[in-house]
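Reader: Can you walk me through this one? Keep it short, please.

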Amino acid sequence: MLEKTNVKVLDKVVVRFSGDSGDGMQLAGNIFTNVSAGVGNQVSTFPDYPAEIRAPQGSLGGVSGFQVSVGHDVHTPGDSCDVLLAMNAAALKQNHKFLKEGGVIIVDIDSFRESDLKKAKYTTDRPFEELGIKAQVVEVPVTTMTKAALADSGLDAKSVLKCRNIFALGLVCWLFDRPVDAALHHLKKKFGKKPAVYEANAKVLQAGYDYGHNIHASVSTYRIETEDPRPGVYTDINGNTATAWGLIMASEKCGRPLFLGSYPITPATDILHELAKRKDLGVKACQMEDEIAGVCSAIGASFAGNLAVTSTSGPGLALKSEAIGLAVMAELPLVVIDVQRGGPSTGLPTKTEQTDLMQALYGRNGESPVAVVAPASPTDCFTMAFEACRIAVEHMTPVILLSDAFIGNGSSAWRIPDADEYPAIKTPDVPADLLASGSWKPYMRRENLGRYWPVAGTEGAQHRLGGLEKDAVAGSISNDPANHEKMVNIRREKIARIADDIPSLKIQGDADADTLLIGWGGTYGHLLTAVESLNASGKPVAMAHFRYINPLPANADEIIARYPRVIVAELNTGMFADYLQCRFPGKNIRRINKIQGQPFSAGEVAEKVAKIMEEN
Amino acid sequence: MEEPLFKAADYKSDQAVRWCPGCGDHAILNTLHKAMAELAVPPHKTAVISGIGCSSRLPYYMNTYGFHTIHGRAAAVATGFKVANPEMTVWQVSGDGDGLAIGGNHFIHAIRRNVDINILLFNNKIYGLTKGQYSPTSDRGFVSKSSPYGTTEDPFIPAELVFGARGNFFARSIDVELDTSRQVMVAAARHRGTAVVEILQNCVIFNNGIHNDITAREIRADHTILLRHGEKMIFGADGNHGLVRDGFLLKAVEIGKDGYTMDDVLVHDAHTTSNFLHQQLAMMDGHSLPIALGVIRDVESPCYDQAVSDQVQEVKARKGFNTLRDMILAGETWEVR
């Protein structure tokens, strides 16, 4: 046992909570995150759930994890953790590989009995040796201590055991010097309606904290540096909630009510949940009978004059394809949110991937171009959901927003925007003079080639839309060959002109480097961290991250042409690389790909970039 | 007499009607124009939404808001449209293939939710636009291009599907019965909730005469019964047949024969909550019992679009947020100065 307290000062730390899926690891992790954000840390989280709702207790398949990075310059939830909390033997087995060198493991030693080891398929009775763990392991009798703390509580045994996670949380709060009061506040929010449960958890939280204090001589504690973020009011937000809120902001900014037609699907369902709650802001969120009805009801709402959205994940996007084609033909605004997960087919429903890019770009019959955008982080989901709506409405087109499980479920601290921070969205209302003179035609176009968008019920604006090819002006059915080609070209050009209406691509990292690392969507944090570490170690790398996929920002070609060595890193077999390659046939675009249902680690990206740089 | 607000012509578009000469759709379209004029909902407050098929071309011939969508999905599009813009009167036009095969799921769920839309289901028991395949309402053994040896499956009976989905309005007409068609369309539009009107329609090219055993002029009076709420269930060329109870079933009798008098003949109650008798009436097939025309069931029940709007108003008033920012600031936040 060490005699003196060892305090480590770090700019950021990563904590991984792991346990059985019934152990409440997501709750403990979330409270720790919120408390940390409240003291001024940046936070980034990664909930890692099993696909099964309730796998057998104590089994390897039932392990649930929650990783959070807190501190300064936090772009990702971290590749590996400084502190691993393992509530049972199975959790340790599944998660010890995520521990950094020099990190600390805290285990509930009461959950390492012979039967626990057997359930987790250990072959010896020495679990730490068997796993080859060299790190410091702090063995805490979490279960025993929790039971002791609640001996007089009057709660039944099962309810007592449910408080184990909060004992562990108390211990972790002590370890990182987090204020207990703040954690109590979050417990109150969670359990306020059940006073007995709240009292028990509050008691156990304090017991965990005190336990840490009493053993402090034997374990390192951490002090995390904070930075001064931009002044303002902050909240903790995950990507799916941010997406929902971005849509509401867009609805406020365009003055059209928000309609969501959706069908539950992992990992997108939280968008439906959040918008269903937001009836308090006038949102109409309809859970339809299937994915197709989700998108079709949204198309109906769009024709009626609402800002219309459907939310889904990859398999659902496949089902919606035909209807998205209808919105292309009818030239109606429609936002389609795809929170990507591992595929094909049912694939890996709870895991992240970027494998729907080609489906979003091309997965429809006929020449059927749509705009595609992709948020870079949980908080960027707000901005890009807003952008998707703005582009859809002002350009009269379907827009696909490619989020993913990693940013959808991950959370960060987010500064609440001021009321005037986002621009007004200009709805293309039919000009009154055209209506009055009766000269308006449904397929008349504005300068950006978008149609006008009358609200159904407007007198004089009755018109008929449909999936059959339309006359280029009158909008009546046309089988004329030349008209069809003209319309195909107009629909294509309409999407291309969006490039004039989106921000230009920015270069980060060392702009003068020979190497350009390209990414898109939810990998931003990991790629940025990799680029920062490469530049810090004397390997100059520039970075360009795409949030606008179709069309690309107007300066994208010029930037890509400028760099002799271009590398695209993405969580698929090279879809964005292929997309860029056909614009630069002569360029040898290199690729870094990962298709494991997991995000990149910054370390592996930096290593692979360095290797490509060494090769030539 | 007062000048009517709208004429049938006000609901007609300038597009040339492209159905085959002799198609039953022409009569239904003209009847719909007349029904709309009678309802006097202005054309700009009316929307007609269809799927794919011959009948689904109908919106192009209307001077209303119109949407010719994709195969089978009209009910879903109409649901979103009505929820988003409840002030509109919404009609859906589908055929038996569009509504009951590819669109069967949306059909039953629209009825279950009781969205306030009027579904005109044109039933000609054939796929016409694809040139003659059997449909989900074709009888077992029906010979078509895709069933050259006869089908080996049973059909849906649309009314049975409507009742299975807990429908609260069901009416039936025949394309050539112009008055009945107009009356049931008007009743459907006045009903709040999903109203299904099945129209037995003749495809003159691919299934000519499919309803002849019921609709042929010389036998129609004996094979059909027009139901009117509050009136006796009388039918027959001479008006001397009626429907009576026979245990739990219905029986057609000749009044004055076998001891049956007018007092034994049932009175139609379209508004009774129980659908037990409505189902029996709707399932009569024109053979042992006459096929029922007119409004068979018309029962008020909460409708979805109205309930959604009401809930939005109630929750908004209770929470009192004006903007997204208000709502977020009322939650868990912290300030950095």
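Author: In chain B, strand β11 (residues 241–246) and strand β12 (residues 249–254) pair in the antiparallel sense over 6 bridges. Strands are DSSP runs of E, at least two residues, and helices are runs of H or I, at least four, numbered from the N terminus. Two strands pair if DSSP finds at least two bridges between them.

Reader: Which residue stands opposite B:Leu243?

Author: B:Ala252, in β12(B).

Reader: And what does B:Gly247 do in that hairpin?

Author: B:Gly247 takes a positive phi near 65°. The hairpin has 2 residues between its strands.

Reader: What should I know about the model itself?

Author: The model is predicted: local features need pLDDT of at least 70, side-chain atom pairs count only at pLDDT 80 or more, and totals for chains, interfaces and linings use all residues. Residues are numbered from 1 along each chain as its sequence is written, while chains are lettered from A and ligands numbered from 1 in the order in which they are written.

Reader: New topic. How many helices and strands does chain A have?

Author: Chain A has 22 helices and 23 strands. Buried residues make up 54% of its 616 residues. Buried means 20 or more other C-beta atoms within 10 Å of the residue's own; exposed means 12 or fewer, partly exposed is in between, and C-beta atoms are placed from the backbone.

Reader: Which strand of chain A pairs with β2(B)?

Author: Strand β17 (residues 464–466) of chain A, in the parallel sense over 3 bridges. There, A:Leu465 has B:Phe67 as its bridge partner.

Reader: One last residue. Is A:Tyr452 buried or exposed?

Author: Buried, because A:Tyr452 has 22 C-beta neighbours inside 10 Å. A:Tyr452 lies in the loop between α17 (432–437) and β17 of chain A.

Reader: What does A:Tyr452 touch?

Author: Leaving out residues up to four places away in sequence, A:Tyr452 touches A:Pro428, A:Asp429, A:Val430 and A:Met444.

Methods: Two residues are in contact if their C-beta atoms, placed from the backbone, lie within 7 Å.
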